[in-house]
Amino acid sequence: MANEEDDPVVQEIDVYLAKSLAEKLYLFQYPVRPASMTYDDIPHLSAKIKPKQQKVELEMAIDTLNPNYCRSKGEQIALNVDGACADESSTYSSKLMDKQTFCSSQSTSNTARYAAALYRQGELHLTPLHGILQLRPSFSYLDKADAKHREREAANEAGDSSQDEAEEDVKQITVRFSRPESEQARQRRVQSYEFLQKKHAEEPWVHLHYYGLRDSRSEHERQYLLCQGSSGVENTELVKSPSEYLMMLMPPSPEEEKDKPVAPSNVLSMAQLRTLPLADQIKILMKNVKVMPFANLMSLLGPSIDSVAVLRGIQKVAMLVQGNWVVKSDILYPKDSSSPHSGVPAEVLCRGRDFVMWKFTQSRWVVRKEVAAVTKLCTEDVKDFLEHMAVVRINKGWEFILPYDGEFIKKHPDVVQRQHMLWSGIQAKLEKVYNLVKETLPKKPDGQSGPAGLVSGDQRVQAARSKAQQNHALLERELQRRKEQVRASMVLPGVRIKEEPVSEEGEEEEEQEAEDEEPMDTSLGGGLHSRLANGLPGGRAAGGDSFNGHPPPGCAGTPVARELRAFVEATFQRQFVLTLSELKRLFNLHLASLPPGHTLFSGISDRMLQDTVLAAGCKQILVPFPPQTAASPDEQKVFALWESGDMSDQHRQVLLEIFSKNYRVRRNMIQSRLTQECGEDLSKQEVDKVLKDCCVSYGGMWYLKGTVQS
């Protein structure tokens, strides 16, 4: 207190922050210059700058009339640099060293602490500095003198005969071809000193105009060092609270910032976790735990969290496996990342891990060698996948780490069904990539496979025998039924009775003749006699409101029909040609994106879907597949949008007629047929558009989309 009384405040000065030149103001320092020379006395001949590097070169005149200037030394330097013959390219055209170049170097990289101050009329105006540069003499002219000296020595040593020169010129040359540059080599080259120097040299110089201290332009620019508004609008950054001002005076060190935890991997407390949005909490927990039952997740998030919101969030970052949630592969292996073991890109890793997760949807056990043989990944990567979700058992394989959660399966059937649709799409992709053999998987009424144990060889043989006996009985009943239908058609020749497949459950033979058509198969295996419709049992899917898979007469305007019609029209507006197999796959993905309880979950049959496609203005294209084709019946049913309302409708119709008679066609045939039918020569862009809408190219031939068999 005594010190404060002895040091009273003499004057209070208002401080203003001027920002007009905040991004343009540089401070030039001249450490090497005559003490008697002021800044305004330095005669600047030229100036140039490289803005990105903040590099400046100034060319200043030397006073050759000064008694301290050595004229003979100046003439000798000019002679060494330019030689005896002076021309326009000479550094010193007057044959005398009459100028000197100054090059800049940054004195500090952090200029945020520095400002230029101007005190005027009791006010202090501060302008932040954009850069602080020290200008020192450049001795590049000495390099030119050395180069001239080496050239003269080389000319003096050339005294051998022409024969000797010819013999010396004959040299063996080894030709080498550069190999393709890898990504790692390219990154090393980009970070090398030579590359950085080359990039700096490529930046063009920007020539500047120098104005003296007393020039009118300098006076005008100097006014920008004053704060333009006195109302205080421009000085809001100087109005800080005490805590903010203290933080500016004593900012935390970088070491302290690094020590703060930023994720659960760095021991993030539950209190810090609960300050994040719900979606981030779920993502962070699943990314670190990998596998978790829904009940455990709810207990970690707290009792006040709505379970419906958690269900919506968990489906974005995890997949349902045996009633438990397993984090998605793209969360663990984001795009542009790679394996730490083999360097395999993230896309391949995600595909391999999805295969492991899919295997666990079918069985409690997975064999590592089988996974490695299918995915073609190294042992370390496969082991990482399995350690995320399983534990190893000696002489048995890898068992799923958590028990089957039947309680969640029974409590949330809508979520289970949506996950079943997603797994159907994933399995379809895996079958194409890994050439998997399609198998009909056993289904349970809840749509999820229950816990499965190891099955011995004798049990498998017995199961196969019982299944063969059941199939034999089914075939016998089917044969008997067809004979009865043939006899009935002979009695009533004008009536055609539709034949329906018999279900695996063995429907009674007394079932009504017009039984419900088999709903659209969305099971993982896609067997012929499956009674699952979009993941629901047949009784729940079709109910008693359908006849041969269609709504009864007068039900075309039902919400289900309208929703299905809207999906079909939107799909064919994006893709003009689709096979029934691809359309069903897209429909399954559409169902998976719908909220639980949506009207489309009531069950859609194949026939109803095909009739909706035809009613939406599409036509079935009878593509003549080759006899040896491997395409399934659904893949051989091709539908195309006949009229979309654009200028290319006529061209597409001609193209579709071509493919109704040909399985594959050459481009020149398509172009000639289009020209013949349309009566005008189509440009390459028009033909390309039609082909892109409807076809794919393979082996020099064009096929309708979805029909090519590689």
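**Salt bridges and burial in a predicted protein chain**

D646 is partly exposed, with a relative accessible area of 31%, where partly exposed describes values between buried, which is under 20% relative accessible area, and exposed, which is over 50% (1.4 Å probe, protein chains only). This residue belongs to a predicted model, in which local features need pLDDT of at least 70 and side-chain atom pairs count only at pLDDT 80 or more, while totals for chains, interfaces and linings use all residues. Residues are numbered from 1 along each chain as its sequence is written, and side-chain values use heavy atoms, with hydrogens and water left out.

D646 has a charged partner: it forms a salt bridge with R652, and the closest N and O atoms of the two lie 2.7 Å apart. A salt bridge here is a side-chain nitrogen of Lys or Arg within 4 Å of a carboxyl oxygen of Asp or Glu.

A second salt bridge brings together the side chains of R667 and D688, at 2.8 Å from N to O. This pair links distant parts of the chain, since R667 lies in helix 27 (residues 667-678) and D688 lies in helix 28 (residues 684-694), 21 residues apart. R667 is partly exposed at 24% relative accessibility, and D688 is likewise partly exposed, at 27%. There is also a network, in which salt bridges that share partners join D646, D649, R652, K689 and D693.

A further pair is K584 and D634, whose salt bridge has its closest N and O atoms 2.7 Å apart. These residues, too, link distant parts of the chain, with K584 in helix 23 (residues 580-593) and D634 in helix 25 (residues 633-636), 50 residues apart. K584 is buried, having a relative accessible area of 7%.

The protein chain has 28 helices and 20 strands, where helices (H or I, at least four residues) and strands (E, at least two) are DSSP runs numbered from the N terminus. Of its 710 residues, 34% are buried. When contacts (heavy atoms within 4.5 Å) between residues at least 6 apart in sequence are considered, 67% of them join residues at least 24 apart. Finally, the protein chain exposes about 44,900 Å², of which carbon and sulfur atoms supply 52%; accessible areas come from the Shrake-Rupley method with a 1.4 Å probe, and for residues only the protein chains shown count as cover.
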